[in-house]
Amino acid sequence: MRLWVGLIATTTILAGCDQQSPGLNASNDPFGPRGSISQIDAADGLDVGHALMAVGKYDEAYKAYLRAAADQGTTVDVLSALGSANLFLGRLGQAETVLRQAIDADQTFVPAWNNLGVVLMERGKTGEATRVFKTAFALDSGNSDEIRKNLQRALENFEDPAYSGESKKQAYDLVRRGNGRYLLLQTK
């Protein structure tokens, strides 16, 4: 008797699992629903890129940011993200160019200013980097501890050029913006 009750319960549960969601194509097509995906349904290239950057997949993040540029245009967010990806890929000249384009697009965009400062420090342009960090700090009204630390490190480096090159590369924080807030990435 217990065996029959168990079989009936299992059959009922499995039958319930076989039903399709109301939003899916009701046909028995083994390849799933067909049709076009609206842009609202598609993953945002910036969000995908940010997630990939967070796990260290910089080349894939760069490609996601390029898709975002194709979808959204070269907004300040997209340009800043492309500049950051280029920095992590070691393309310092490209990173500098793209971050300067981001600043030209919006001169009040704090993450682009900060990230440009990081690129300039990596390129050994300490004086200009210090000025750029000061601009980022002023635009942020001194609210970001990371930007404050970057500015302090740049000033230390500017005042003492013998400052350890290895610690310079390790010390700076990149700032990116997502969903109206600042998100931080630690450089390696």
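Predicted model: local features only at pLDDT ≥ 70, side-chain atom pairs only at ≥ 80, totals over all residues.

Q: At what angle do helix α3 and helix α4 pack, and how far apart are their axes?

A: A helix pair can be described by an angle and by a distance between axes. Helix α3, which covers residues 58-72, packs against helix α4, residues 76-88, at an angle of about 160°, and their axes are 9 Å apart. Angles over 145 degrees count as roughly antiparallel, and α3 and α4 are therefore roughly antiparallel to each other. The crossing in which α3 passes α4 is left-handed.

Q: Which residues in α3 meet which residues in α4?

A: On the α3 side the residues are Tyr58, Tyr62, Tyr65, Leu66, Ala68, Ala69 and Gln72, and they meet Val78, Ala81, Leu82, Ala85, Asn86 and Phe88 in α4. Sorted by class, this contact of α3 with α4 has 11 nonpolar, 2 polar and no charged residues.

Q: How many aromatic pairs does a search of the whole structure find?

A: For an aromatic pair, one looks at the ring centres and at the ring planes. The search of the whole structure finds 1 aromatic pair. The rings belong to Tyr58 and Phe88, whose centres are 4.5 Å apart and whose planes are at 15°, so the pair is stacked. Because Tyr58 lies in helix α3 and Phe88 in helix α4, the pair ties together parts that are 30 residues apart in sequence.

Q: Are Tyr58 and Phe88 buried or exposed?

A: Both Tyr58 and Phe88 are buried.

Q: How do helix α6 and helix α7 pack?

A: The reading follows the steps used before. Helix α6 (residues 110-122) and helix α7 (residues 126-139) have axes 8 Å apart and pack at an angle of about 160°, and they are therefore roughly antiparallel to each other. In passing α7, α6 makes a left-handed crossing. Among the residues that meet are Trp113 and Leu116 in α6, with Val132 and Phe133 among those in α7. By class, the contact of α6 with α7 has 11 nonpolar, 4 polar and 2 charged residues.

Methods. Residues numbered from 1 in each chain as written. Heavy atoms only, no water. Axes fitted to C-alpha atoms, helices over the stretch in contact; angles between N-to-C directions. Helix = DSSP H or I, 4+ residues; strand = E, 2+ residues; numbered from the N terminus. Parallel < 35°, antiparallel > 145°, perpendicular 65-115°, else oblique. Left-handed = near helix turned anticlockwise from the far one by under 90°. Contact = heavy atoms within 4.5 Å. Nonpolar A, V, L, I, M, F, W, Y, C, P; charged D, E, K, R; others polar. Phe/Tyr/Trp six-rings, centres within 6.5 Å; stacked < 30°, edge-to-face > 60°. Buried < 20%, exposed > 50% of the residue type's maximum accessible area, 1.4 Å probe, protein only.
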